[in-house]
There are 2 protein chains.
Amino acid sequence: MLTISQLASYAGVTVRAVRHYHQIGLLPEPERDRSGYRRYGAHAVVSLVKIATLADAGVPLSEIADLVKADQETFAAAVQRIDGRLRDEIARLERSRTSIAELAAGDALLLPPEVVAYLDRLRELGVAGPVLDGERDGWIIMAARWPDRVREWMPSKLASLDDPRIVRLYQVLSLLFDTRELDEPLMAEAADLMAELAEQAYEAGYNTQEESAEDEVPFDLLELLALETDPRAQRMVELMRERGWDGWTRLEKVPPTKG
Amino acid sequence: MLTISQLASYAGVTVRAVRHYHQIGLLPEPERDRSGYRRYGAHAVVSLVKIATLADAGVPLSEIADLVKADQETFAAAVQRIDGRLRDEIARLERSRTSIAELAAGDALLLPPEVVAYLDRLRELGVAGPVLDGERDGWIIMAARWPDRVREWMPSKLASLDDPRIVRLYQVLSLLFDTRELDEPLMAEAADLMAELAEQAYEAGYNTQEESAEDEVPFDLLELLALETDPRAQRMVELMRERGWDGWTRLEKVPPTKG
DNA sequence: GCTTGACCCTGACGTAGCGTCAGCCCTTCA
DNA sequence: TGAAGGGCTGACGCTACGTCAGGGTCAAGC
């Protein structure tokens, strides 16, 4: 006869695991000897090896209980289910792995490659500091919920960097928010640029392209992000309102206020 | 500002998860409004998306805490570790999958294919019932601990089935143990056969091949298995002892007893 | 006969990452 | 004005055991 530790070692599990299987009724309690020790026969080894093999394959113990007494047909069906779960789990881990692999470089964990390329391009163009960070954070928020839509947008966003006015705008904003001062003339230049671009986009009917997204995409949140990052963003919003535009990420035509 | 459920939905996690992250200090508690509700800014979304992404990749929350405030170098090293763990886990699941896939057929979950082939061959030869089950259980016990050694043994075991005496022995044993009776003449035939085979193996120096295994392999356990399965096995042991052999799975020369 | 070390027993708490009440407060809309 | 739909804290539940704590048992050596 076998002691519990012998049994456990034959099946390659711990003593505690065996006791646990007893506790939940998965493995029947054997006879005790006169000192109350459990004494196992050889068949217990076979049962335990079966249990341990299934458990190692990730089958929940609650299912193993039914499984070991099931007929061939039920068993085969269960095996199918288990295999499906394993496949899904493997696929999930593979996805995680690619995420993590990309992450070594920089932002790629949280952002699709198209967005990373866009941010790299901005960096090349001299955009840096809080503006670049804010841009990244904004895209992180977007990409978390609408990764597909974000990827669709990126080609036109990237193309827009061919417009020297847009590049200039980003550069001016970088200058503005990279210091602690409030440079009114520079701000005015940025506002003028933004207003000009907004006007052009408005005339071209910019919103036809994104109309379906308007309900869902959290432009308010992106605006909040900007204001949170730097209070001077508030000043920019005011300047834009003087020029007849409301908002930050998405501008809307409004009656201009007096500066 | 955002409520907790809005925050959670932006990051694709549950409200409970967010509160949990607060509790363990992974995500800083935000300001409360006058009714005690948590109010979040946009940066919380970015932080939470980072946490959720790492957590989804299987990184323990305790590590995420350090990870999000780590510098680039530490981060890259950690990413390596995480990726390694993911690789191991995937490999483990793949192994489980192959086990489980083979399982649909029959015994293959618990036994290497060579043993399955051996058992199939026995079945073809008319071996069935308790003898076949016992044979299988015995190999399950062996394969659980010494899978490699078992696979090495199988070719010679399979070849041994070309010997008609061995086939006859298995068939006689099948007949013997498939009924409830105690068929003394048939038992004597089986014992004679076993003794003859044992003598031959002894002369050929059978133990040179397995000598290194003798210490480890639990022949006692296999004998116990047989005795447990059917008390008539005890009678077989006695008959063998009369013929000068002790044991069941592995026979040893002993002075013959009187029948 | 005594000690020592290796096992065995039960009972109970700890682990990770939340899910899920319970009991209560706050806000909003019909 | 009351019902729905949040939000709050606190606490227990879940999986599959690990890990004490506090005791009894067994085999071996002195």
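A salt bridge is taken here as a side-chain nitrogen of Lys or Arg within 4 Å of a carboxyl oxygen of Asp or Glu. In the predicted model, this rule finds four salt bridges across the interface of chain A and chain B. A salt bridge joins the side chains of Arg92(A) and Asp56(B), with an N to O distance of 3.5 Å. The interface brings 50 residues of chain A into contact with 49 residues of chain B. Between them, the two chains bury about 4,600 Å², and carbon and sulfur atoms account for 72% of this area.

Within chain A, helix α7 (residues 129-145) packs against helix α12 (residues 219-229) at an angle of about 150°, the axes lying 10 Å apart. Because angles over 145 degrees count as roughly antiparallel, α7(A) is roughly antiparallel to α12(A). The crossing of these two helices is right-handed. On α7(A), the contact is formed by Gly134(A), Asp137(A), Gly138(A), Ile141(A) and Met142(A), and on α12(A) by Leu221(A), Leu222(A) and Leu225(A). By class, five of the residues in this contact are nonpolar, two are polar and one is charged.

In chain B, the axes of helix α7 (residues 129-145) and helix α12 (residues 219-229) cross at roughly 150° and come within 10 Å. This angle makes α7(B) roughly antiparallel to α12(B), and the crossing of α7(B) and α12(B) is right-handed. Gly134(B), Asp137(B), Gly138(B), Ile141(B) and Met142(B) of α7(B) make the contact with Leu221(B), Leu222(B) and Leu225(B) of α12(B). The contact of α7(B) with α12(B) comprises five nonpolar, two polar and one charged residues.

Notes: Residues are numbered from 1 along each chain as its sequence is written. Chains are lettered from A and ligands numbered from 1 in the order in which they are written. This is a predicted model: local features need pLDDT of at least 70, side-chain atom pairs count only at pLDDT 80 or more; totals for chains, interfaces and linings use all residues. Side-chain values use heavy atoms; hydrogens and water are left out. Axes are lines fitted to C-alpha atoms, for helices over the stretch in contact, and angles run from 0 to 180 degrees between N-to-C directions. Helices (H or I, at least four residues) and strands (E, at least two) are DSSP runs, numbered from the N terminus. Angles under 35 degrees count as roughly parallel, over 145 as roughly antiparallel, 65 to 115 as roughly perpendicular and the rest as oblique. A crossing is left-handed if the near helix is turned anticlockwise from the far one by less than a right angle, and right-handed if clockwise. Contact means heavy atoms within 4.5 Å. Ala, Val, Leu, Ile, Met, Phe, Trp, Tyr, Cys and Pro count as nonpolar, Asp, Glu, Lys and Arg as charged, and the others, Gly among them, as polar. Buried area is the accessible area (1.4 Å probe) that two parts lose on being put together, summed over both.
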